[in-house]
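Thanks for coming. Please look at the screen for a moment, and then I will go through the model piece by piece.

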Amino acid sequence: MKGDSNPHTWISDIREDVQVRGQYLVKGKRTGSTKKGDPFLSLTLSDRTGELEAKVWERAEDLSRLFNEGDILEIEGYASSYRGQLQLTLSDLRAVEGIEEPDLFLEVTSQDVTKMTSQLREILRGIEHPQIRELAEGFLADRHFMALFKKAPAAKSFHHGYIGGLLEHTLSVCQMALMVAGHYPDLDKDLLVAGAFLHDVGKVKELAFGGLIEYTDEGRLLGHLTLGVSMVDEKLAAMAGFPEEIGLRLKHLILSHHGEYAFGSPKRPKFLEAFALHLIDDLDAKMNGLKRFMDRDRQEGNWTDFNRLFERYFLKGGIRSTADESPDSIPGRGEMQHGLFSVKKAGEQ
């Protein structure tokens, strides 16, 4: 390959008909064959700004031996459109070792981690029930847990799937829990806020986040709902006289927050706070996931590419403002009616 003087091309900046050079994380690697039987490689390359599909048509078998999923490649290629989708055709690649800036390849929360942590602590300090507050403080005082909690993603892909995503998602769910509890006085605020904080704590054990976000063995075998209940049980075991009913309800909040069996929930919500938590969590996850999907969409025009998860296209952009239009630029009622209902004469524009 050529010298290393060329700067990295961020995936979000790649456009059709340009040469691309840079270092990218291999998130996916698949082999295939053309109609003639010639081998090729399909890759999913990423950096912290997004991901992009790439193809290797020449020397596919030889080049495939040089790297695996999770490796960093330095590539040269050309960006083009295929069936309406942008993709790279790679002309050269090499595996890179000893990465000096790993944050180039991992998406990171755009929010300030220190500020989010402080906001979360403030919310949990507002819990009035002394033993529920003590349970929450037990997690906050656990340095190993908090170190993981502040870095962990909230998911592998769809929502908050980036470094710091779990903290960002948890804070958002706690903030909404406060608002919902204020609106519906029948809800137990302390129980709902504690459930909002604890609902995804198991993800610090479910997900590993090195070069790639991957499931751990614990994550695949048990899942974050079961792991979260186990972590709460560990804290409760060190507390004297914690009310059994409150502990039972907190664990149900964790186990039921996915809402339905089809969504991986071993239990469906069976009291008001559990229903509220499920709806709040679902809203925050979908709003984040859809925003990221729409921000990264490369389709021209007003509509996104087809979203397979939601089985629909989405309208992009907000409502256009007319605040800057002068009154003189807006046709009068008679002029508008004339334009709508009259027949133009030949030669009129």
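I start with Glu 260, which sits in the loop between helix 10 (244-256) and helix 11. Helices here are DSSP runs of H or I with at least four residues, strands are runs of E with at least two, and both are numbered from the N terminus. Before going on, a word on the source: this is a predicted model, in which local features need pLDDT of at least 70 and side-chain atom pairs count only at pLDDT 80 or more, while totals for chains, interfaces and linings use all residues. Residues are numbered from 1 along each chain as its sequence is written, and side-chain values use heavy atoms, with hydrogens and water left out.

Buried means under 20% relative accessible area, exposed means over 50%, and partly exposed is in between, using a 1.4 Å probe and protein chains only. Leaving aside neighbours within four places in sequence, Glu 260 is in contact with Ser 265 and Arg 268; contact means heavy atoms within 4.5 Å. Glu 260 and His 278 are 18 residues apart in sequence, and their C-alpha atoms are 9.4 Å apart in space.

Two other loop residues are buried. Asp 200 lies in the loop between helix 6 (189-198) and helix 7 (203-206), and its relative accessibility is 2%. Not counting residues up to four places away in sequence, Asp 200 touches Leu 166, His 169, His 224, His 257 and Asp 281. Thr 304 is in the loop between helix 11 and helix 12 (333-341), and is buried with a relative accessible area of 2%. With the residues up to four places away again not counted, the residues that Thr 304 touches include Phe 293, Tyr 313 and Lys 316.

Now helix 11 itself. Helix 5 (residues 165-183) and helix 11 (residues 272-296) pack at about 130 degrees, with axes 10 Å apart. The axes are lines fitted to C-alpha atoms, for helices over the stretch in contact, and angles run from 0 to 180 degrees between N-to-C directions. The two helices are therefore oblique to each other; under 35 degrees would be roughly parallel, over 145 roughly antiparallel, 65 to 115 roughly perpendicular, and the rest is oblique. Among the residues that meet are His 169 and Met 176 in helix 5, and Ile 280 and Asp 281 in helix 11.

Next, the strands. Five strands close into a barrel in the order 1-2-3-5-4, with mixed pairing. The twist averages 50 degrees from one strand to the next. Two strands pair if DSSP finds at least two bridges between them. Strand 1 (residues 19-33) and strand 2 (residues 39-47) run antiparallel and are joined by eight bridges, and Gly 28 stands opposite Thr 44 in strand 2. Their hairpin has five residues between the strands, and Gly 37 takes a positive phi near 90 degrees there. Strand 1 also pairs with strand 4 (residues 72-82), antiparallel, over seven bridges, with Arg 21 opposite Glu 76. Strand 3 (residues 50-56) and strand 5 (residues 85-96) run parallel, joined by three bridges; Lys 55 has Thr 89 as its bridge partner in strand 5.

Finally, the whole chain. There are twelve helices and seven strands, and 42% of the 349 residues count as buried.
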